[in-house]
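Colleague: I would like to learn how to read sheets and chain contacts in a model like this one. Can we go through it feature by feature?

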Amino acid sequence: MEFAELIKTPRVDGVVLRRPFMPTVEGTLCLTGHHLILSSRQDNTEELWLLHANIDSTEKRFVGSLGTIIVKCKDLRVIQLDIPGMEECLNIASSIEALSTLDSVSLMYPFFYRPLFEVIEDGWQSFVPEESFKDLESMTDEWRLSEVNKDFSVCPSYPSLLTVPRDIDDESLCKAASFRHGGRFPVLSYYHKKNGMVIMRAAQPLTGTNGRRCKEDEKLINATLCAGKRGYIIDTRTIAVAQQAKARGGGFEQEANYPQWRRIHKAIERSNVLQDSLIKLVEACNDQSHSMDRWLSKLEASNWQSNVKEILTTACLAAQCIDREGASVLVHGTEGTDSTLQVTSLAQIILDPACRTIRGFEVLIEREWLQAGHPFQQRCAQSAYSNGKLRSEAPVFLLFLDCVWQILRQFPCSFQFNENLLIMLFEHAYASQFGTFLGNCVAERGKLQLSQKTVSLWSWVNRPQELERFLNPLYEPNNLVIWPSVAPQSLLLWEGVFLRWNRSTKCLDEAYQEMVHIIEYNKELQNKVNSLRRQLAQLETEDSPLQTP
Amino acid sequence: MEHIRTPKVEQVKLLDRFSNKSVTGTLHLTATHLIFVESNSTSAQEIWILHHHIASVEKLSLTTSGCPLLIQCRNFRLVHFVIPRERDCHDIYSSLLRLLRPVSYDELYAFSYNPKQNDQQREEGWQLIDLAAEFERMGVPCDQWQLTDVNREYKRFPPNICIGLVKSVVPHLLCFSNVLQGGGHLYLFVSCLQAAVCRCSQPLSGFSARCLEDEHMLQAISKANHNSRYIYVMDTRPKLNALANRAAGKGYENEDNYSNIRFQFVGIENIHVMRGSLQKLLEGVGTRSLSMTDYLVGLENSGWLRHIKAIMDAAIFLAKAVTVEGASVLVHCSDGWDRTAQVCALGSLLMDPYYRTIKGFMVLIEKDWISFGHKFADRCDQLDPDPKEVSPIFTQFLECVWQLTEQFPQAFEFSEWFLIQIHEHVHSCQFGNFLGNSQRQREDLQLKERTYSLWAHLLSENQNYLNPLFSPSFAESHPVLEPSTQAYHFKFWRNMYNQYDRSMHPRQSILKHVLTLQESNRELEGTVQALKTKLQKFGVNTSPLKPQTPPREEDAPASTGGERTVEGSSATENSYGELMGSFGSKNEPGVVTLEFGVARMTC
């Protein structure tokens, strides 16, 4: 297919771009296969390059022959384009509409994007499961890498290599997989070095209404417990929801069959509810006419902050089981690809200092989200302005990032990265020139040949020039477990994402620069003192023989 | 001392407000404080509660473990003791009831508090903030304005002083004018545009009364400003309230009688609404296992942030009238010492960068709150008064300033700790500044001879209150602050209203971290200099260190208070879930040591 067919009017002059808190720009609007470009005739003014994939929805308005297109983006930005000429405006609008809703993955920009930078470290090769297993092997010999899912037949959404208890053979794994939703049998997610406790994740067991059981599944998860130890199963659904799941063939572990485990139910919402929550929140944040009461009641009605609190609380609970109770944990919801991953990945940030470094955080996202089969393409197809019928869109990953931001706010010195990294990940999960977040699971990514045909986000992020932007100047590594407060008073609205386009950050940015300046000046002074001391010490030793003849 | 029946009770349990944790210790009752000392030897915490800070004491019904005593403080601390024997509990309870309700000013802590200073130091402390100098700074007297001592003896307008007066107005006119304007106080602020901010109380207009002298007075104020043909009159009340006042012979200016005035209501609610609002807010945020929904609904229902926004909106209106239109503004409410004080003080802060410094902020409080007669004694419940007079008017002002510091992190020389500390002492009655209801009463009490000034105390430890990001050049680029008043920019001030609930606070404070670094920078600069001098003795010349941060004037010697604490936090404090005792969970030793928000005792 040729993009040119979709572009009825490639170029319009005299278009005015309006954005809140920014000066209006007048210039020429160009449409290409993947971008909407507005460039002014002046040299120094900024151009707008907008990926069509970033456009969530558009609206048109006409006043006389002046048309206006309001473009709402997946990164929550809203821009207005005033286009002279009704026909041009209609053409542009329908082209944008068509180009931003292309169904075929292979037409996406990452397949056409060629980096302007030299790829020093190929992000596609940066995170291989064998590497992380080596770390694990150095700590314990109770786990092994299994190739049972080599051709993705046991579990289509799992990667080909999985970490499982050493004593469980592949045959048992297959049987256990047939007992779990989507074949997602329990696998290792995290090993807590301090006491050897583990977090495992899975999908719901298929007990159904007649209470089916599976010896291999029981054996598999019991194999992770030391003798005499007990563990916790954290079901991210309420007991009522879990009961209902039985009617559809799902269910939860019966205590009688898993006597060494205690089940805890939490109440993380299902994905369609989360999408609704995002839409309401963004609508509240974009309405400038609010009185205080209306704002607070809309914020409350969106339930976004409640979702943040519930997810964070569940993750803290999992971490508490591991670190405080000295008990292993199995986490699952229904499919094991959404709330489960939120909980296991957040628990690791709380427990493991390595996850709070940039590299460690990338590893975490790669392992717990991309490899673990979070369906990014489905979940991030539409964002908060989607007005059409939703399929399986949900801000599951955004909520995870929000929770990370909350922890970062409470422990501003414990993370090597800053808020910019989280915002960048949010943007790229929804629309990107990189192939990292395309596809829904490892198998799909292999079929799309992403590693050959597209550039990895990590190839770009890990360049020293880019990394600098994501570094937290306050970072001081510590090896502690960090327990965030989950009181409502401690959880804030993530302004960096939700109010990003509705406020001027000039004063805040300048203050941040001042803080960076103080920190850097301190380093500089310390170096100066050290070098002067050395110099002095040297002179003193040289001089001493002369002074004491 | 005669009220203390039991000075010491042992084996008292202190329950945490939000978790199931408790610690055991000894309770001491002194003439000024209630002190709890934890008996755990290693990390023994001490809690000192000043009697004046206690808002209420409640004895709950007897339980198996003892008699619970619930103490609520005005600085938003809430402590829950369990005393083993009911008799002891009753003794403490009745002693406290008596102690927290002093009957005369002489019983207030300020009159017994002695920071070991001599008379001269005390006197100097009181001279630190000088209003005469402040008027000079504003450029008064000038060709349009003069100072008057017409209220010298506080006779004409008993509670308050009167300073500003337009030159062309003959004194007797002023008297008449003020009689009509109720309590009567005028005040001015002179900006570079010659526009003035004046304040007064509501006119006694009723339905039809008028006073020519008052009309002349306003005209004179208007004429003193050549930049604008008109003068704004801001009635900070909701229109309904102003109308209701008419029936009582009071009310608001009739635009037909006054030439060239622009009249405006701004709708800030009265003290009773504000009192109720704070109470609802505190009930909301003091709930155990608070859900997000209940928190947000509680925040909305309390109306607290709505009131804060209303005050801010009014101050912005005032600032715009003066700085953009160059018009003079007369601000009043009913009595002219609550809403008027809030709006004038906040407006001044928006317009004049001086008030955003530590010293300037003290001057602002001294001028707009203390000298113009905000009734601190009544509003802050200093002596056993009418509970209907208590209201968090001043707290709201501090919060508005905090909201501004959030939007403009570089505009203020002080951090929120400064605001919190001022709040602490407005209620502590430890210093003389806020005692009494008016300037006259303060002079009668001879506060300057018998008590100490808070400002001297705060200035002596000002390194604790500095905002490390403060940029003096910010004032040049932003002489007038223009905050956004979008609802989402107003936040709940957790560090004030939950200041003693340590588990809620960030476990690492950026503010503290950067303050420490800045202090270290100053020390290092000194070290570099010293090393260079030494090197010069060896004949080595080093390039001079280029100073990157402008040195501060009030460079205080480095204090040890900047030491950072272990960044611990505990899982048990946060109660994430239903693990309690399921497999015999262990309590974690208290690893959180936070100075943040915990007011330092100064005894």
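Predicted model: local features only at pLDDT ≥ 70, side-chain atom pairs only at ≥ 80, totals over all residues.

Colleague: How do strand E12 and strand E14 of chain A run, parallel or antiparallel?

Modeller: Parallel. Strand E12 (residues 231-235) and strand E14 (residues 328-332) of chain A are joined by 5 bridges.

Colleague: Now chain B. What is the strand order in the open sheet there?

Modeller: The order is E4-E3-E2-E1-E7-E6-E5, with 7 strands and antiparallel pairing. Strand E4 (46-50) and strand E5 (54-59) of chain B are the edges, each pairing on one side only. Twist in this sheet averages 30 degrees from one strand to the next.

Colleague: How many bridges join strand E1 and strand E7 of chain B?

Modeller: There are 3 bridges, between residues 8-15 of E1 and residues 78-83 of E7, and the two strands run antiparallel. B:Leu15 is set opposite B:His80 in E7(B).

Colleague: Which helix packs on the sheet of chain B?

Modeller: Helix H1 (residues 86-99) of chain B does. Among the strands it touches are E1, strand E2 (22-29) and strand E3 (33-38) of chain B. For orientation, compare directions: that of H1 makes about 150 degrees with that of E5(B).

Colleague: On to the contact between the chains. How many residues does each chain bring?

Modeller: Chain B gives 76 residues and chain A gives 78 residues. The buried area between them is about 7,000 Å², with 65% from carbon and sulfur atoms.

Colleague: What is the count of salt bridges between chain B and chain A?

Modeller: The count is 2 salt bridges. One pairs the side chains of B:Arg306 and A:Asp293, at 2.7 Å from N to O.

Colleague: Which helix of chain B supplies the largest share of the side that touches chain A?

Modeller: H20(B), with 15 residues. By class, that side of chain B has 35 nonpolar, 25 polar and 16 charged residues.

Notes. Residues numbered from 1 in each chain as written. Chains lettered and ligands numbered in written order. Heavy atoms only, no water. Contact = heavy atoms within 4.5 Å. Buried area = accessible area lost by both parts, 1.4 Å probe. Salt bridge = Lys/Arg side-chain N within 4 Å of Asp/Glu carboxyl O. Helix = DSSP H or I, 4+ residues; strand = E, 2+ residues; numbered from the N terminus. Nonpolar A, V, L, I, M, F, W, Y, C, P; charged D, E, K, R; others polar. Pairing = 2+ DSSP bridges. Axes fitted to C-alpha atoms, helices over the stretch in contact; angles between N-to-C directions.
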